[in-house]
Amino acid sequence: MTTCLVPAKDAARLLYRRAYRRIGLLTPIAADCGRLCRSKCCRGGEKDGMLLFPMEETVLYRADFLRVTDAKMGERAVRFAVCPGRCDRDLRPLSCRLYPFAPRLSKGRVCMAPDPRAAYRCPLLCRQAQPYLDPAFLSAAAAAVEGLRRLPGFDGFLHDYGRMLEGYEAFTGISYEEE
Ligand code: SF4
Ligand code: SF4
């Protein structure tokens with residue numbers, strides 16, 4: 001039996017940095033989509049924000065533009081971050097890097113699917129935008145989240161996250177179909 005000598009927080013920091021690097025400068029389309037909608041997804045109210053993934057706050061200690069609070073995702077306690085609508089892009093959370101897509105578990109692997117919470121907000125989820133989506137972004141995003149599954153409890157989080165998204169799917173035209 002091997003013993004892991006790396007403290008959980010250090011391991012989480014390492015894995016999140018690796019995940020952020022995997023996505024790097026890739027974005028859903030090979031252009032600044034913020035010009036399509038005047039960066040709608042960054043213009044929320046004081047209570048709008050993004051879920052943090054498990055232990056993600058350990059890597060966000062320099063992101064002082066974020067206000068992180070406790071929240072609930074179903075029965076699960078989670079951390080939720082609110083920003084003032086501008087940030088240091090290098091320090092933005094994973095949810096921002098993935099938007100308007102969300103990770104789902106399918107046949108034991110992570111894949112990226114349209115995020116139903118973005119259905120009425122993001123023009124990239126329109127059918128007309130599909131040909132412009134960058135497959136390199138989608139596969140890097142899936143690989144980034146796949147790497148995080150080494151964190152204890154991450155699969156359980158993904159399972160609950162998928163259930164939360166199913167709740168949103170019931171109210172939007174966007175649904176996720178397993179391949
Ligand atoms: S709402 Fe969609 S199109 Fe607009 S900036 Fe955000 S990701 Fe890009
Ligand atoms: S942290 Fe940055 S990318 Fe994320 S919503 Fe705020 S301004 Fe937009």
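How many bridges join E2 to strand E3, and do the two run parallel or antiparallel? In this predicted model, strand E2, which spans residues 67–73, and strand E3, which spans residues 76–82, run antiparallel and are joined by seven bridges. Within this pairing, Lys-72 has Ala-77 of E3 as its bridge partner. The hairpin formed by E2 and E3 has two residues between the strands, and Gly-74 in this hairpin takes a positive phi near 60 degrees. Strand E2 is hardly covered, since the count of buried residues among its seven residues is zero.

Two ligand sites were also examined. Ligand 1 is surrounded by 13 residues, of which Cys-33, Gly-34, Cys-37, Cys-41 and Cys-122 are the closest; by class, the shell around ligand 1 divides into nine nonpolar, two polar and two charged residues. The surroundings of ligand 2 consist of Cys-41, Cys-42, Cys-83, Gly-85, Arg-86, Cys-87, Arg-92 and Cys-96, and the shell around ligand 2 comprises five nonpolar residues, one polar residue and two charged residues.

Arg-109 counts as exposed because it has 12 C-beta neighbours inside 10 Å, where a residue is classed as exposed if the number is 12 or fewer. Along the chain, Arg-109 and Tyr-161 are 52 residues apart, and their C-alpha atoms are separated by 15 Å.

Note on methods:
Residues are numbered from 1 along each chain as its sequence is written. Chains are lettered from A and ligands numbered from 1 in the order in which they are written. This is a predicted model: local features need pLDDT of at least 70, side-chain atom pairs count only at pLDDT 80 or more; totals for chains, interfaces and linings use all residues. A residue is near a molecule or strand if its C-beta atom, placed from the backbone, lies within 6 Å of it. Ala, Val, Leu, Ile, Met, Phe, Trp, Tyr, Cys and Pro count as nonpolar, Asp, Glu, Lys and Arg as charged, and the others, Gly among them, as polar. A residue is buried if 20 or more other C-beta atoms lie within 10 Å of its own, exposed if 12 or fewer, and partly exposed in between; C-beta atoms are placed from the backbone. Helices (H or I, at least four residues) and strands (E, at least two) are DSSP runs, numbered from the N terminus. Two strands pair if DSSP finds at least two bridges between them.
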